[in-house]
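Take a look at the chain below.

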Amino acid sequence: MARGSPSHRRRTPRGVPAQSLVEALGHPFADIALLEEALTHSSGADPGGADNERLEFLGDRVLALLATEMLIARFPDLDEGDLAPRLNAMVRGETCAIVARAAGLGPHIRLSASEAGSGGRDKAGILADACEAVIGAIYLDGGLDAARRFVREHWQPMMADLAVAPRDAKTALQEWTQGRGLGMPSYELVGRSGPDHAPSFRVRAAVAVGGREAAAEGEGTSKRAAEQAAAETLLIAENVWKAD
């Protein structure tokens, strides 16, 4: 366990992850059970055994710290308001899923037969959680420097794309409506599907424009992501933004 790291329940690994994956991650685990736990989805855990949710919780916080560190170094003149959307872009689930695919995590995630059969190894939510859990495992096994090496290797290539702040659709929609005296946009959850460990949300965004209601829907793996998608669709429909 990393010096100074929080206590962590240990267990004997049921199966050792492939050496090729360990090499691809660039961290020689002293406690390989941590990596196995990071790759164990709740659907694939043994009865009473550990899954990757605790490590995902830890890794999410470690990633936020290290991504912030990278942004501060890369953009020394930006204030908090300009750094925040860039940080959100770096730590959001979609980005973590991209890194998980690049690192080849999908084939190594332990899933139930039914989850694997439904394409779980390529589901963004499952991949993102596994990626954050791996960061948590590397942190516990090798400390902050080891986690920093992993994050820098996989997140550094996207820094160039952050020279221009990512579009924040909800903020843009609010500024557009308030600037025209239209009031605040409203967001309504209109649908939820999928299992608890990999949900999909559908949200409706609406605003009164010129005596009519303008509305659009969007989907995402969280309510926040669905709200952003709905706001972006509405901005495009009202010709405020251009489609990419």
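Which residues of α4 are buried? They are Leu83, Pro85, Arg86, Ala89, Met90 and Val91. Here buried means under 20% relative accessible area, exposed means over 50%, and partly exposed lies in between (1.4 Å probe, protein chains only). The buried residues of α4 pack against α3, α5, α7 and α8.

**The model**

This is a predicted model; local features need pLDDT of at least 70, side-chain atom pairs count only at pLDDT 80 or more, and totals for chains, interfaces and linings use all residues. Residues are numbered from 1 along each chain as its sequence is written, and side-chain values use heavy atoms, with hydrogens and water left out.

The pLDDT is the predictor's confidence in each residue, from 0 to 100. Its mean over the protein chain is 86, and 91% of the residues reach 70 or more. Over residues 1-14 the pLDDT is below 50. Beyond near neighbours in sequence, that stretch has 37 contacts in the model. A contact means heavy atoms within 4.5 Å.

**The whole chain**

The protein chain has 244 residues, and 43% of them are buried. It holds 10 helices and 3 strands. Both are DSSP runs numbered from the N terminus: helices are H or I with at least four residues, strands are E with at least two. From the N terminus on, the order is α-α-α-α-α-α-α-α-α-β-β-β-α. Along the principal axes, the C-alpha atoms fill a box of roughly 65 × 45 × 30 Å. Take the contacts with a separation of 6 or more: 57% of them join residues 24 or more positions apart.

**Helix α8 and its partners**

Helix α8 covers residues 144-155. The expected span of a helix is 1.5 Å times one less than its number of residues. The 12 residues of α8 should therefore span 16 Å, and its end C-alpha atoms are 16 Å apart, which agrees. Helix α4 also has 12 residues, and it reaches 16 Å from its first C-alpha to its last, close to the expected 16 Å.

In α8 the buried residues are Ala146, Ala147, Arg148, Phe150, Val151, His154 and Trp155. An α-helix has 3.6 residues a turn, so residues three or four places apart point the same way. The buried residues of α8 pack against α1 (19-25), α3 (53-74), α4 (80-91), α5 (93-103) and α7.

How does α7 (residues 124-142) lie against α8? The two axes come within 6 Å and cross at roughly 145 degrees. Axes are lines fitted to C-alpha atoms, for helices over the stretch in contact, and angles run from 0 to 180 degrees between N-to-C directions. From α7, Cys131, Ile135, Ile138, Tyr139 and Gly142 take part. They meet Leu144, Ala146, Ala147, Phe150, Val151 and Trp155 in α8. By class, this contact has 10 nonpolar, 1 polar and no charged residues. Ala, Val, Leu, Ile, Met, Phe, Trp, Tyr, Cys and Pro count as nonpolar; Asp, Glu, Lys and Arg count as charged; the others, Gly among them, count as polar.

**Single residues**

The table lists relative accessibility for some residues.

| Residue | Relative accessibility | Class |
|---|---|---|
| Ala169 | 1% | buried |
| Glu132 | 6% | buried |
| His27 | 9% | buried |
| Gln156 | 41% | partly exposed |
| Asn239 | 69% | exposed |

His27 is in the loop between α1 and α2 (32-38). Its side chain joins that of Asp141 in a polar contact of 2.7 Å. A polar contact is a pair of N or O atoms within 3.5 Å; within protein, one must be able to donate a hydrogen and the other to accept it, and residues adjacent in sequence count only if both atoms are side-chain atoms. Leaving aside neighbours within four places in sequence, His27 is also in contact with residues including Val22, Ile138 and Ala146.

Glu132 is in helix α7. Not counting residues up to four places away, Glu132 touches Leu55, Glu56, Gly59, Asp60, Val91 and Cys96.

Ala169 is in helix α9 (residues 169-179). Its C-alpha atom is separated by 8.7 Å from that of Glu227, 58 residues apart along the chain.

Gln156 is in the loop between α8 and α9. Beyond four places in sequence, Gln156 touches Met70 and Val151.

Asn239 is in the segment after α10 (223-237). Most residues other than glycine have a negative phi. Asn239 is not a glycine, yet its phi is positive, about 60 degrees.
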